[in-house]
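Subject: A structure for you to explore

Hi,

Here is the structure I promised to pass on to you. Have a look around it first, and then read my notes below.

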Amino acid sequence: MTGRFLVSKTGDPQVMQWVEEALPPPGPGEVQVRHEAIGVDFIDTQIRGGLLPFALPTGLGFGGAGVIEAVGAEVRNLAAGDRIAYTSLTPGSYSLARNLPAERIFRLPDQSLPADLAAAALFRGLTAWYLATRLRKIEPGDPVLVHAAAGGVGLILIQWLAHLGATVIGTVGHPEKVAALRDYGCAHPIPLGEDLVGRVKEITQGKGCAVVYDSVGRATFDRSLQCARRFGLVVSYGWSSGDVEPVALMTLRNGGSLFVTRPTVSHYTAEASAFQAGAAALFGLIGEGWLRIKVGHAYPLRDAARAHADLAGGRTTGSIILRP
């Protein structure tokens, strides 16, 4: 038997229902994982709330860390007892245990790595990996702007960009989070209540940013366009404030022949080889000390509704996990 959260109708955090059910043995090419820690991501709240349409009923959560309890036929290089982290293309991590395709499992190179850290790192870290390395080459000295920089993805992304030599500008919704940004390598933290465009132009000597990473959406996207330099790339990878309004192509032309993309981590890690490469790069930088993972908040699994409410309310910093 196992227990998991299920969403049969969308709505506020209370629509998540705890169900207990039988968990079959892993099938061919699968492993059975007992969770020690589970990542909580903003996309979970969007699926639960209905902002991101999903077939119902559905589980929640795309990543976690734990121990392999059993392996199915045809599984190679993984064994019962291995400590692992994973991201799945199918939600269902808000559970005690689950069966997963072996190709979506990453065996932790340091078997003593805390499960909390591994679960907090992988899904968000893979997002930071593709944003920093797969969209456009970051050159030393490139000014870049990261919105929601004190969040789970944001704190990893600003460190990764700083490691690549970028000059990192980061925004926060609350001024009290400014100190955290400086501590994690953000050279220029800016509260969103300030004149963002003016500050960015001042920092970049009027040129603007090579890349703008926007996970906020409607509330910031117009300013993101204004913060990009000629031929700059504006990356809309989240919409916590609502989806972006349609953008006229003439706006991109007048802004400096700008490029805009709407990427998702599931596309950049769709192939098992890409997932494994991204995970190896992430945990390599963690092992070398270039990336620090802040587990800002940990909740019991049964308190997932409270975790969602705190995340949506902006009351969290860094990554959020659930513990079974």
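Leaving out neighbours within four places in sequence, G66 is in contact (heavy atoms within 4.5 Å) with V33, R34, H35, E36, D82, R83 and I84. G66 is buried, at a relative accessible area of 1%. Here buried means under 20% relative accessible area, exposed means over 50%, and partly exposed lies in between (1.4 Å probe, protein chains only). You will find G66 in strand β4 (residues 63-71). Helices (H or I, at least four residues) and strands (E, at least two) are DSSP runs, numbered from the N terminus. Between G66 and G81 there are 15 residues in sequence, and their C-alpha atoms are 9.4 Å apart in space.

Before going on, please keep in mind that this is a predicted model, where local features need pLDDT of at least 70 and side-chain atom pairs count only at pLDDT 80 or more, while totals for chains, interfaces and linings use all residues. Residues are numbered from 1 along each chain as its sequence is written, and side-chain values use heavy atoms, with hydrogens and water left out.

Next, strand β5. Strands β4 and β5 run antiparallel and are joined by 5 bridges; two strands pair if DSSP finds at least two bridges between them. In this pairing, A65 stands opposite A85 of β5. On to β7 (residues 105-107), which also runs antiparallel to β5, with 3 bridges between them. There, I84 has R107 as its bridge partner.

How many of the residues of β5 are buried? The count is 5 of its 5. Both faces are covered, with R83, A85 and T87 on one side and I84 and Y86 on the other. T87, which lies in β5 (residues 83-87), has a relative accessible area of 3%. Apart from neighbours within four places in sequence, T87 is in contact with F62, G63, R104, L122, F123, L126 and F275.

Now for the helices. Helix α2 (residues 115-133) packs against helix α9 (residues 272-287) at an angle of about 115°, and their axes are 9 Å apart. Axes are lines fitted to C-alpha atoms, for helices over the stretch in contact, and angles run from 0 to 180 degrees between N-to-C directions. On the α2 side the contact includes L117, A118 and W129, and on the α9 side it includes A274, F275 and I286. The residues of this contact divide into 13 nonpolar, 2 polar and no charged. In this count, Ala, Val, Leu, Ile, Met, Phe, Trp, Tyr, Cys and Pro are nonpolar, Asp, Glu, Lys and Arg are charged, and the others, Gly among them, are polar.

Which residues touch the most other members of the largest nonpolar core? They are Y94, L161, Y213 and F283, out of 72 residues in that core. The largest share of this core, 13 residues, comes from α2. A nonpolar core is a set of buried Ala, Val, Leu, Ile, Met, Phe, Trp, Tyr and Cys residues joined through side-chain atoms within 4.5 Å. In soluble globular proteins, nonpolar side chains tend to be buried together. Not counting residues up to four places away in sequence, F283 touches A85, F106, L108, P109, L113, A118, A121 and L122.

There is also an open sheet of 6 strands, in the order β10-β9-β8-β11-β12-β13, with parallel pairing. β10 (188-191) and β13 (259-261) stand at the edges with a single partner strand each, so one side of each has no neighbour in the sheet. From one strand to the next, the twist averages 15°. Within the sheet, 5 bridges join β11 (residues 209-214) to β12 (residues 228-236), and V211 has L233 of β12 as its bridge partner. Helix α3 (residues 152-163) packs on this sheet, touching β8 (143-146), β9 (167-172) and β11.

In β1 (residues 2-7), 5 of its 6 residues are buried. Strand β2 (residues 16-21) runs antiparallel to β1, with 6 bridges between them, and T2 has E21 as its bridge partner in β2.

Enjoy exploring!

Best wishes
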